Amino acid sequence: MSKINKNEGRVSGGPSPARAKIGRDVSARLEANPAVKRAKVETAQMYTVPHFLSDAECDALIALIDSNSRPSTLLAVSEDPEYRTSHSSDLYRWSPDILAIDQRIANLLGIPEENAETLQGQRYAVDQQFRAHCDYFHESSAYWPKMKETGGQRTWTAMAYLNDVPEGGATWFPRAGIRFKPKRGLLVIWNNMTPDGTPNYDTLHEGMRVLEGMKYIVTKWFREEAWIKDYVQTYIAGGIENAGD
């Protein structure tokens with residue numbers, strides 16, 4: 001019997017026919033692609049594509065992340081200084097190399113590229129982590145009106161590992177019951193919504209602490225509508241206010 005996702009009151013936001021259609025269209029496209037593998041989980045739509053990025057692309061992205069990184073930020077205040085301790089880099093989407101990767105990810109999912117946020121790189125050194133969180137926006141939060149203005153809810157996430165990590169650094173989905181070990185070039189894709197378009201708490205995931213080496217990833221979030229870049233107040237873990245995004 002399939003496990004029912006009850007969300008345990010952790011979701012603010014209800015069903016959406018538009019998000020449900022995006023979910024159906026993307027999952028149908030992915031499942032028709034022989035290069036894409038469906039993950040063996042019941043409570044979320046999750047897929048993997050081995051070797052999606054080449055070694056040369058991974059090396060180029062790592063160099064860009066190293067050249068332009070800042071402490072990773074949050075949309076809401078967290079009093080836990082260990083909540084998100086990585087560094088991030090917003091990659092310039094109009095550079096030819098980044099644009100080509102952006103378009104390849106968007107084409108894979110069949111979502112218009114204009115619905116995607118800027119490709120973001122993340123770097124985790126030893127002992128750095130991102131505690132359990134969801135990628136969708138909480139619609140009762142103070143930041144939701146701004147998110148609604150700039151493209152609405154996040155629907156799908158596409159995340160690629162740029163290097164192998166000697167120890168630690170897995171992406172763990174505790175409620176879905178699966179974890180992904182960093183593997184160079186591997187793309188992991190998941191729908192942040194349930195089939196009816198409600199935010200899916202079973203997509204809760206954690207960037208586990210790196211125990212040895214460095215971890216590099218890039219992440220692309222897709223909105224339900226065209227994304228509009230705008231000023232967004234952000235925070236550094238520990239409750240410290242950041243100057244903005």
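Strands here are DSSP runs of E with at least two residues, helices are runs of H or I with at least four, and both are numbered from the N terminus.

This is a predicted model, so local features need pLDDT of at least 70 and side-chain atom pairs count only at pLDDT 80 or more, while totals for chains, interfaces and linings use all residues. Residues are numbered from 1 along each chain as its sequence is written, and side-chain values use heavy atoms, with hydrogens and water left out.

**Confidence**

- The protein chain has a mean pLDDT of 91, and 92% of its residues reach 70 or more (pLDDT is the predictor's confidence in each residue, from 0 to 100).
- Residues 1–9 are the stretch to treat separately: pLDDT is below 50 there, and the model gives this stretch 17 contacts beyond near neighbours in sequence (contact means heavy atoms within 4.5 Å).

- Eight strands make up an open sheet with antiparallel pairing, in the order 1-2-11-7-14-5-4-3 (two strands pair if DSSP finds at least two bridges between them).
- At the edges sit strand 1 (37–38) and strand 3 (70–71), each pairing on one side only.
- Strand 1 is joined to strand 2 (residues 46–49) by two bridges, and the two run antiparallel.
- On that side, Lys 37 stands opposite Thr 48, and Arg 38 has Tyr 47 as its bridge partner.
- Strand 2 is also joined to strand 11, here by four bridges, again antiparallel.
- Tyr 47 turns up in this pairing too, with Ile 189 as its bridge partner in strand 11.

**The largest pocket**

- The largest pocket holds about 1100 Å³ of space. On a 1 Å grid over the protein atoms alone, a pocket is an open set of points with protein on both sides within 12 Å along at least five of seven lines, whereas a cavity is a set where a 1.4 Å probe fits but cannot get out; lining residues have an atom within 4 Å of a point. Grid points are joined across faces, edges and corners, and the volume is the space filled by probe spheres set on the points.
- Its lining runs to 50 residues, with Thr 73, Leu 75, Arg 84, Arg 154 and Trp 221 lying nearest the centre.
- By type, the lining splits into 23 nonpolar, 13 polar and 14 charged residues (Ala, Val, Leu, Ile, Met, Phe, Trp, Tyr, Cys and Pro count as nonpolar, Asp, Glu, Lys and Arg as charged, and the others, Gly among them, as polar).
- Strand 5 (120–124), strand 6 (130–133), strand 7 (154–161), strand 12 (205–207) and strand 14 (215–223) each put at least two residues into the lining.
- Strand 14 gives the most, with five residues.

**Loops with positive phi**

- His 51 isn't a glycine, yet its phi is positive, at about 60°.
- This histidine, His 51, lies in the loop between strand 2 and helix 2 (55–67), and counts as exposed because its relative accessible area is 64%.
- Asp 127 is another non-glycine with a positive phi, near 80°.
- Asp 127 has its place in the loop between strand 5 and strand 6; at 44% relative accessibility, it's partly exposed.

**Other loop residues**

- Lys 183 is in the loop between strand 10 (178–180) and strand 11 (187–191), and its 47% relative accessibility makes it partly exposed.
- Lys 183 and Tyr 161 are 22 residues apart along the chain, with 5.9 Å between their C-alpha atoms.
- Setting aside neighbours within four places in sequence, Lys 183 contacts Tyr 161, Asn 163 and Asp 164.
- Ser 141, in the loop between strand 6 and helix 4 (144–149), is buried at 19% relative accessible area.
- The C-alpha atoms of Ser 141 and Leu 75 are 9.5 Å apart, across 66 residues of chain.
- Tyr 201 belongs to the loop between strand 11 and strand 12 and is buried, with 9% relative accessibility.
- From Tyr 201 to Asp 135, 66 residues apart along the chain, the C-alpha separation is 9.7 Å.

Technical notes:
Buried means under 20% relative accessible area, exposed over 50%, partly exposed in between (1.4 Å probe, protein chains only).
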